[in-house]
Amino acid sequence: MEIKILGCSGGRTPDHELTSYLIDDSLLIDTGSAASTMSLELQENLNNIFITHAHLDHIIGIAHIYDNTRNLRVHPLHVYGTEPVLRNIREHLLVPSIMPNYNPKDKGEPGINFHPIALEIPFRIGNFEVEAYPVNHTPGAVAVRVSDGLHNFMFTGDTGRTDRIWNWIKRKGMVDCLIAEVSFPNKMHELAEVSAHLTCQSLIESLVKAEIPGDAKVHVVHLKPAFMDELLEEIEGEEDWNLIALKKGDVIRLDPGKKEPRILQEEIEEKVTDKIPEFDKASDLYEQREKMSNEFGVSAAKGDVIFQQGDTSTIMYIIQEGKVRIVRKAFRYEKTLAVLGQGDFFGEMAMLNNRPRSATAVAMTDVKLLAFDRKAFESLILDNFGVALRIIRTLSNRLQDADGLIENLLYVDPESKIINTLIKAAYDEGIETSEGFVIRTTPEELSDRSGVIIETLRDILTDLVKNKMILARRETLIIPDPQKLKRLMKFLELKDEFLTA
């Protein structure tokens with residue numbers, strides 16, 4: 001992934017340009033300086049623009065790009081953003097009284113297509129997966145995450161103190177490229193708060209909230225030209241943080257190559273095979289835990305493979321710290337079956353049925369694990385009723401999820417599969433509120449439960465949100481009326497019946 005910094009300043013002067021980031025020459029994030037820094041050929045071939053919010057310094061380039069290319073363009077210009085942002089552009093920027101050459105009703109040439117987006121539901125723009133998160137700025141303002149399948153790039157947009165983006169990074173881990181705004185020096189923190197911007201100090205407080213390590217590279221933008229020297233001095237003075245002030249013309253290249261992950265299976269087997277945990281009930285609980293960690297504890301760094309699909313290893317694991325992703329591959333496709341955290345266990349099925357691993361376990365973050373072979377596992381079960389009960393409950397839940405997936409096989413179209421999954425989730429695990437049934441889930445989890453590939457699922461969820469059949473929140477969905485979803489599913493069944501009759 002290549003990110004060209006066409007402009008990244010909080011104001012325009014001869015030395016500073018407004019916000020615009022061009023990703024792989026095909027997706028433009030904001031358009032402040034785009035028309036004055038992109039060649040006419042690039043503008044003509046550009047089809048996709050994402051707008052974080054509707055302030056002039058982020059949207060002005062749309063008008064110029066359209067005006068420059070309207071007679072050259074083969075495909076329309078696609079503009080993505082939240083509905084309040086797009087409405088501002090349509091009603092206050094792209095109007096004939098300001099742009100005499102703009103006619104939204106002209107059908108003779110490619111124009112501009114506007115695409116309202118749903119918050120915190122990933123969708124596709126060209127070759128990229130894009131996801132927007134609400135921030136504290138103007139109505140409809142968002143941060144944006146862009147992924148090419150190998151790397152995650154996140155731009156906070158203009159924002160004051162906020163939670164969603166930092167909580168996402170805390171849960172998922174640091175992104176490969178983070179660009180964050182800092183508009184005012186620390187002494188002007190009150191103005192920053194009122195105008196919903198960040199200072200260097202409030203950015204650092206946000207990085208701490210997200211548990212971002214001090215050595216992680218954080219690119220800083222949107223510095224106001226009037227305070228440039230003071231801002232640069234504050235940024236460079238933060239010796240405990242790796243803050244880098246960007247400038248126009250910079251290019252960030254994220255290496256498409258990935259380092260070879262460590263395969264830990266043999267190393268783990270060598271450490272724990274044929275060891276039996278011994279519990280001294282008279283000793284201090286802390287001492288017992290320390291002894292257990294010393295004898296059976298193993299570590300994995302982010303990206304390490306704990307075991308691979310098809311392996312014959314029969315070690316099971318309990319997560320002490322960090323997160324592990326369980327992945328299954330079929331042909332060229334890869335599907336996340338689960339994301340597990342502290343206290344969860346995995347790898348027990350290969351031990352119980354003595355068959356090769358049915359999936360791969362990858363460390364999403366640095367993790368600490370307890371690893372047990374069959375003998376140690378049987379000892380744990382015999383000596384600890386609570387461990388046995390928890391394993392039984394977990395296996396029961398997994399069987400229930402499998403039953404739901406089998407039921408979904410009866411439905412032909414993906415919409416019915418997803419709707420059926422949502423209805424079952426609403427009644428089985430939903431919390432009823434004044435807004436409707438709240439279920440805690442993610443698109444990845446819904447994909448696993450419904451059996452619908454993630455790309456198709458995201459498109460269907462976006463349509464359901466647009467039609468107000470569901471409401472999207474951070475890692476939650478709200479179903480206002482499950483009966484309405486049932487009627488929609490019945491309609492889809494009848495539609496399929498009559499179309500195939």
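Which strands and which helix do the buried residues of H5 pack against?

## Model and overall content

This is a predicted model, in which local features need pLDDT of at least 70 and side-chain atom pairs count only at pLDDT 80 or more, whereas totals for chains, interfaces and linings use all residues. Residues are numbered from 1 along each chain as its sequence is written, and side-chain values use heavy atoms, with hydrogens and water left out.

The protein chain holds 17 helices and 26 strands, these being DSSP runs numbered from the N terminus (helices H or I, at least four residues; strands E, at least two). Of its 501 residues, 49% count as buried, where buried means under 20% relative accessible area, exposed over 50% and partly exposed in between, with a 1.4 Å probe and protein chains only. Among the contacts in the protein chain with a separation of 6 or more, 65% come from residues 24 or more positions apart, a contact meaning heavy atoms within 4.5 Å.

## Helix H5

In helix H5 (residues 164-172), the buried residues are Ile165, Trp166, Asn167, Trp168, Ile169 and Arg171. These buried residues pack against strands E8 (128-134), E9 (142-147), E10 (152-155) and E11 (177-181), and against helix H7 (200-209). After H5 comes Gly173, whose phi is positive, near 100°.

## Helices H14 and H16

The axes of helix H14 (residues 414-429) and helix H16 (residues 454-466) come within 10 Å and cross at roughly 70°, the axes being lines fitted to C-alpha atoms, for helices over the stretch in contact, with angles from 0 to 180 degrees between N-to-C directions. H14 is therefore roughly perpendicular to H16, a term for angles of 65 to 115 degrees. On the H14 side the contact is made by Pro414, Glu415, Ile418 and Leu422, and on the H16 side by Thr456, Leu457, Ile460, Leu461 and Leu464. These residues divide into seven nonpolar, one polar and one charged; Ala, Val, Leu, Ile, Met, Phe, Trp, Tyr, Cys and Pro count as nonpolar, Asp, Glu, Lys and Arg as charged, and the others, Gly among them, as polar.

The buried residues of H16 are Ile454, Leu457, Arg458, Ile460, Leu461, Thr462, Leu464 and Val465. At 1.5 Å a residue, the 13 residues of H16 should span 18 Å, which agrees with the 18 Å between its end C-alpha atoms, the expected span being 1.5 Å times one less than the number of residues. Lys468, which follows H16, has a positive phi near 60°.

Ile235 belongs to helix H8 (residues 228-237) and counts as buried at 3% relative accessibility. Leaving aside residues up to four places away in sequence, Ile235 touches Cys200, Val220, Leu223, Leu243 and Ala245.

Gly341 lies in the loop between strand E19 (333-340) and strand E20 (345-346), and is buried, with a relative accessible area of 16%. With the neighbours up to four places away in sequence not counted, Gly341 touches Ile319, Gly322 and Lys323; its C-alpha atom is separated by 6.0 Å from that of Gly322, 19 residues apart along the chain.

## Positive phi in loops

Most residues other than glycine have a negative phi. Asp25, in the loop between strand E2 (20-23) and strand E3 (27-29), has a positive phi of about 60° although it is not a glycine, and at 31% relative accessibility Asp25 counts as partly exposed. Glu211, in the loop between H7 and strand E12 (217-221), likewise has a positive phi, near 60°, and counts as exposed at 54% relative accessibility.

Technical notes. Parallel < 35°, antiparallel > 145°, perpendicular 65-115°, else oblique.
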